[in-house]
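User: I'm new to this one. Can you walk me through it, a question at a time?

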Amino acid sequence: MIKGWIFDLDGVITDTAEFHFKAWKQLADEEGLSFTREDNEQLRGVSRADSLRLLLKGKTVTDQHFEEMMTRKNGYYQELVEKMGPEDALPGARELVKELRSRGIKTAIGSSSRNAGRVIELLQMEDIFDTIADGHSVANAKPAPDLFLHAASQLGLSPDECVVVEDAEAGVEAALAGGMCAVGIGPAERVGKAHYVYAETADIDLKEVMG
Ligand code: G6P
Ligand code: MG
């Protein structure tokens with residue numbers, strides 16, 4: 001029986017992909033690296049460090065330079081994020097979480113982002129999630145199931161009692177590896193392995209998923 005829903009943040013609750021793109025693009029320009037919108041698509045759900053590795057395309061840098069670049073990109077990202085407000089929630093997202101809670105379902109965020117807490121605060125959604133599992137919570141990033149397993153345990157639920165909503169291939173893989181029901185948001189080429197696939201968060205059919 002489903003007792004909890006765990007939501008990825010970027011691309012499910014709000015669309016921060018454009019901010020990540022602008023921040024990585026600024027860093028790439030400064031470092032003389034090529035970076036396109038298509039490249040950015042590959043970074044969906046990918047941790048900050050793994051994103052930088054993809055951006056560097058095999059170029060070797062010192063550990064210190066690597067750390068500095070991650071910090072610089074994050075600074076650009078945070079500047080953009082601070083302009084967000086409640087109106088930046090994706091259509092239907094707030095309503096869906098509220099509806100689940102009104103049915104007694106527990107709700108969590110399961111995001112790879114270390115900025116997830118701040119984004120939820122800016123969206124004014126802190127009080128509709130029981131717990132936030134983020135980029136600080138576990139060592140192994142998606143597609144490892146660790147983050148979602150952590151979120152489930154924070155909710156006091158077993159994996160098979162949880163639904164995970166994800167827009168990234170790595171996130172769907174993480175949910176399946178954790179033995180959870182996966183709802184994919186986006187095209188089938190990206191999230192087709194999920195048990196249920198919808199184009200957008202607003203399209204999620206609760207009756208279909210909950211039975
Ligand atoms: C999410 C986004 C990724 C981002 C990652 C880490 O998964 O989809 O694009 O790289 O979070 O975010 P952070 O805010 O910690 O750099
Ligand atoms: Mg995402």
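User: Is Asp10 buried or exposed in this model?

Analyst: Keep in mind that the model is predicted. Asp10 has 23 other C-beta atoms within 10 Å. The cut-off for buried is 20 or more, so Asp10 comes out as buried.

User: And where does Asp10 lie, and what is it in contact with?

Analyst: Asp10 sits in the loop between E1 and H1. Setting aside neighbours within four places in sequence, its contacts are Thr16, Ala17, Ser111 and Ser113.

User: Which feature does UniProt place at Asp10?

Analyst: The UniProt entry, an unreviewed one, marks both Asp8 and Asp10.

User: Then what about Asp8: buried or exposed?

Analyst: Asp8 is in the loop between strand E1 (4-7) and helix H1 (17-31). Not counting residues up to four places away in sequence, it touches several others, including Gly110, Val165 and Asp167. Since Asp8 has 29 C-beta neighbours inside 10 Å, it counts as buried.

User: How many residues surround ligand 1, and how many of the shell are polar?

Analyst: There are 16 residues around ligand 1, and Asp10 is among the closest, along with Arg48, Ser112, Ser113 and Arg114. By type, the shell has two nonpolar and four charged residues, and the polar ones number 10.

Conventions: Residues numbered from 1 in each chain as written. Chains lettered and ligands numbered in written order. Predicted model: local features only at pLDDT ≥ 70, side-chain atom pairs only at ≥ 80, totals over all residues. Near = placed C-beta within 6 Å. Nonpolar A, V, L, I, M, F, W, Y, C, P; charged D, E, K, R; others polar. UniProt positions renumbered as here; feature names shortened; annotations may be inferred. Helix = DSSP H or I, 4+ residues; strand = E, 2+ residues; numbered from the N terminus. Buried ≥ 20, exposed ≤ 12 C-beta atoms within 10 Å, placed from the backbone. Contact = placed C-beta atoms within 7 Å.
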